[in-house]
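Please go through this model with me by question and answer.

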Amino acid sequence: MKLIENTEGLDIDIISGELDDNFSDFVFNTKKVVKDCLFVCIKGRNFDTHDAIDEIVKLGAKAVVVEKDIKRDDICVIKVDNTRAALARLSAAYFNHPSKKMKIIGITGTKGKTTSSHMLKKLLEQNAKVGLIGTNGITIGDIHRSTLNTTPESYELQKTFKECLDAGCEYVVMEVSSQAVMLKRIEGINFHIGIFTNISPDHIGPDEHKDFEEYLMYKSLFFKQCEKTIVNADDEHSDYVLKQSTSNEKYKFGKTGDFVINHINYISDKDFLGTSFCISCSDVIKDKYGIESVGDILVGIPGEFNVYNALSALSAAIICKVETQVLQSALKDIKVNGRMEVAYSSHDIKIIIDYAHNAISTESLINTLRQYKPKRLVVVFGSGGNRSKDRRYSMGEICGKMADFSVVTADNSRYEKTEDIIADIVEKLSATGGKYITIPDRKEAIFYAIENSKPGDIIAIIGKGHEDYQEINGVRHHFLDREVVEECLEKMNERN
């Protein structure tokens, strides 16, 4: 397999040995080295494989790609400026550049990536096969698997693109994290459309970004790889993102711009909890894509911020020339696991499952659900162990002030005691005068909230969302909030 000559945008310097561009395989994990392979050295968080070249040579590699000045007599050493960027470009070549044969749509932002990507997939797949890559995993047709990262490592990403192509996908919709940009996972990919949902301080710390400015910079760098850029006009940083974008076409969505929200209506009935709204399009969109407005759009996930998520997806769908009828109806039954997921809806009660696990997202969720005028808003929540205590304090304070009743329970306790985490939450919650009960067992807590519900209640079970485990003392035990809700409702039906 000739690999380097088929790799685009790769500048190399042979600093020792001679290059024989005919490799048996291409690897970057020392456990997968085979004879005559090309090995790419990567500096990771805990280990730098530049330090393992002796072992790599012994295992039979033919050449190594490095970013350090390493000269050896026993192997061909190929130097590049950045081995992570090289890994991405080599991976694309290894799988024969699959992303070039499909339309790749990337979505980035602090919040909304997962929901927006699922919505866009739902819109596009009415007329085409669509692959999906993101926080909730990888979906290709009926095949679904989990991922370690929101945006997989470049090799895994290109491999997934190849699987999508082989499955007949015309589009791939993917979440693009700032870490993926910083670590060069998307290097060399040409995105048909890039979408910016919003940005707020997050992912800042020793192993992520040094400050908000760096976080914003990496989010914005993504749009130098996009043919078309769509941004949330109502985010204060949207103009900065547009200035960084090198796209041929740049559009805004929101209360102003090229795709404008009109007539939002919050709907709550027996079988539906969500919104309806209309879109007005600019003259530019009308002239280029033939749509002036779209009315009576139904979205089956509650809240104004999900109107924005829907609008981001709908804007991209309009650019992809999805029919008006599909735009109006395809999102009515949308469900995104753990993201404002309507787990149950009746005349009496409604149950929501959401990933909200900090003060900002919890406050947003409560404000959103208040728009549906529940008689009581009950929140079931805990907080993760071995994380900043500020998170649990602030969530306790928010729920104490804003919820009608709180059921304080376990989340992922990790290496802390659940009782200690609950005590920290209650310290701030009780000071607000808010009503609450503590039930350390999360299953019992969910059962309690449902079994003691009153007509008109909305019950929000938050913190874990799509997660299908509880982590206790380093061990992950199967646990999915939705399954517990279903079990409780089933037992209540049996009793009745």
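This is a predicted model: local features need pLDDT of at least 70, side-chain atom pairs count only at pLDDT 80 or more; totals for chains, interfaces and linings use all residues.

Residues are numbered from 1 along each chain as its sequence is written, and side-chain values use heavy atoms, with hydrogens and water left out.

Me: In what order do the five strands of the open sheet stand?
Reply: Helices (H or I, at least four residues) and strands (E, at least two) are DSSP runs, numbered from the N terminus. Two strands pair if DSSP finds at least two bridges between them. The pairing in this open sheet is mixed, and the order of its five strands is S1-S5-S4-S3-S2.

Me: Why is one side of S1 and of S2 left without a neighbour in the sheet?
Reply: Strands of a sheet pair through backbone hydrogen bonds, either parallel or antiparallel. S1 and strand S2 (26-27) each have a single partner strand, so one side of each has no neighbour in the sheet. The reason is their place, at the edges.

Me: Which residue in S5 stands opposite Ile-14?
Reply: Strand S1 (residues 13-16) and strand S5 (residues 76-79) run antiparallel and are joined by three bridges. Ser-16 has Val-77 as its bridge partner in S5. Opposite Ile-14 stands Ile-78.

Me: Which residue in S5 is the bridge partner of Ala-63?
Reply: Strand S4 (residues 63-66) pairs with S5 over four bridges, in the parallel sense. The bridge partner of Ala-63 in S5 is Cys-76.

Me: How much accessible area does the nonpolar patch of Ile-12, Ile-14 and Leu-19 have together?
Reply: Patches are made of residues with over 30% relative accessible area and no salt bridge; like charges are joined within 9 Å, and nonpolar side chains (Val, Leu, Ile, Met, Phe, Trp, Tyr) within 5 Å. Accessible areas come from the Shrake-Rupley method with a 1.4 Å probe, and for residues only the protein chains shown count as cover. Ile-12 lies in the segment before S1 and has a relative accessible area of 32%. Together, Ile-12, Ile-14 and Leu-19 have about 200 Å².

Me: How many salt bridges does the model hold?
Reply: A salt bridge is a side-chain nitrogen of Lys or Arg within 4 Å of a carboxyl oxygen of Asp or Glu. One of them joins Arg-89 and Glu-187 at 3.3 Å, N to O. Arg-89 lies in helix H2 (residues 83-94) and Glu-187 in the loop between helix H5 (178-182) and strand S11 (191-196), so this pair ties together parts 98 residues apart in sequence. By this rule the count is 29.

Me: Is Glu-471 buried or exposed?
Reply: Buried means under 20% relative accessible area, exposed over 50%, and partly exposed in between (1.4 Å probe, protein chains only). Glu-471 meets Arg-476 in a salt bridge of 3.9 Å, N to O, and Arg-476 is exposed at 53%. With a relative accessible area of 15%, Glu-471 is buried.

Me: Which residue in S24 does Gln-470 stand opposite?
Reply: Strand S23 (residues 469-472) and strand S24 (residues 475-478) pair in the antiparallel sense over four bridges. Two residues lie between the strands of this hairpin, where Asn-473 takes a positive phi near 55 degrees. Gln-470 stands opposite His-477.

Me: How far apart are the closest N and O atoms of Lys-491 and Glu-487?
Reply: Lys-491 and Glu-487 are four residues apart in helix H15, which means about one helical turn separates them. Lys-491 is partly exposed at 36% relative accessibility, and Glu-487 is partly exposed at 26%. Their closest N and O atoms form a salt bridge at 3.2 Å.

Me: Is Met-340 buried or exposed?
Reply: Met-340 is found in the loop between H10 and S17. Met-340 has a positive phi of about 45 degrees although it is not a glycine. At 1% relative accessibility, Met-340 is buried.

Me: Is Lys-321 buried or exposed?
Reply: Lys-321 is found in the loop between helix H9 (304-319) and H10. Lys-321 is not a glycine, yet has a positive phi of about 65 degrees. At 61% relative accessibility, Lys-321 is exposed.
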